[in-house]
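Visitor: I would like to go through the terms used for this model one at a time. Please set each value against its cut-off.

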Amino acid sequence: MKDITEPDIINNIPLCCSQPKNWLEELLFIAGPCTVESESQLSLVAEELNASGITHLRAGAFKPLTFPYRNKNMYELREKGLELLAEVRSKHGLKVVSELTENKMIDLYKDCVDIIQIGSRNMYNYELLITAAKTGKPILLKRHFGASLRDWLGAAEYILESGNDKVILCERGIAVPHTHSSTSRFVADIQVIPAAKEITNLPIIFDPSHATFNRDIVAPMTYAAIMAGADGIILETHPDPENAAVDRLNGVTLPECSRIHANVKRLLEADLL
Ligand code: PEP
Ligand code: MN
């Protein structure tokens, strides 16, 4: 445990998160459905990702939802979902990203997942962060939708201080009072990307799907974040987004995912800034 006082932190005295360099060597583009639905769904997505040169597949097996209600079309496959992800990983040679919600599931995540996602609702769950960190796997740390930059980096410090320096910060939209409607539940805080880069060298990626909850603006917000310096994107894509089990408003189709990925590459190559 570092012997560091509160005033040091307030003054942004560099902590572990200002380590010398961004450890990601290239753009991190992660895509996949909100939730694992079936083997055939994951295979369809995996084939499209491979065809487009996308290396990382995302999908939730354990899904914390805003409301406790579920119906037969809105479900989570839990342990079975993680096993399906592991199968698709070995069959299609993709890296898998999935959200950890419970400490007791950690052994299954060690076996099935390459990057452990901490969802925005759990950013403040420090015990969960430490459990995840101790696996040594990269941790994708979503910002809580009410968290300041200071709180977000404080959460990252829990992971770093546990001896795991493979943290990936992920901006996923913040809640402000006017964002109550189903198509604008959150606001994309793209400016937090350059703000964070002033004080941390950790990589920062952007989630346009949850930041907008609106598939019509997922592509432009993705490009805006890349221009603002994002080191990667995590994008919800589904073979049939309008009939997805979870998050029907924000998923893009598989061809749209490929198009967005290709455009991100073009933007980076154009070296516009
Ligand atoms: C997700 O990525 O599936 C998700 C639930 O995101 P968030 O934690 O940002 O709401
Ligand atoms: Mn989702």
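Visitor: What makes His 56 or Ile 168 a contact of Ile 115?
Guide: In this predicted model, contact means heavy atoms within 4.5 Å. Leaving aside neighbours within four places in sequence, Ile 115 is in contact with His 56, Val 96, Val 97, Ser 98, Pro 138, Leu 140 and Ile 168. Ile 115 itself is found in strand 4 (residues 115–118).

Visitor: Why is Ile 115 called buried?
Guide: Buried means under 20% relative accessible area. Ile 115 has 5% relative accessibility, so it counts as buried.

Visitor: Why does Glu 171 count as buried?
Guide: The cut-off is under 20%, and Glu 171 is at 0% relative accessibility, therefore buried. Glu 171 lies in strand 6 (residues 167–171).

Visitor: How do you know that the side chain of Glu 171 has a polar contact with the backbone nitrogen of Gly 173?
Guide: A polar contact needs a pair of N or O atoms within 3.5 Å, one able to donate a hydrogen and the other to accept it. The backbone nitrogen of Gly 173 lies 2.8 Å from a polar atom of the Glu 171 side chain. For the backbone nitrogen of Asp 189, the distance to a polar atom of that side chain is 3.0 Å. Both pairs therefore qualify as polar contacts.

Visitor: Are Cys 34 and Asp 247 buried or exposed?
Guide: With 5% relative accessible area, Cys 34 is buried. Asp 247 has 19%, and because the limit is under 20%, Asp 247 is buried too.

Visitor: What makes Arg 58 a polar contact of ligand 1?
Guide: The cut-off is 3.5 Å between N or O atoms. A polar side-chain atom of Arg 58 lies 2.7 Å from an oxygen atom of ligand 1, so the pair qualifies. The side chain of Lys 142 has an N or O atom 2.8 Å from an oxygen atom of ligand 1. The protein covers 96% of the 290 Å² of accessible area that ligand 1 has on its own.

Terms used:
Residues are numbered from 1 along each chain as its sequence is written. Chains are lettered from A and ligands numbered from 1 in the order in which they are written. This is a predicted model: local features need pLDDT of at least 70, side-chain atom pairs count only at pLDDT 80 or more; totals for chains, interfaces and linings use all residues. Side-chain values use heavy atoms; hydrogens and water are left out. Buried means under 20% relative accessible area, exposed over 50%, partly exposed in between (1.4 Å probe, protein chains only). Accessible areas come from the Shrake-Rupley method with a 1.4 Å probe; for residues, only the protein chains shown count as cover. Helices (H or I, at least four residues) and strands (E, at least two) are DSSP runs, numbered from the N terminus.
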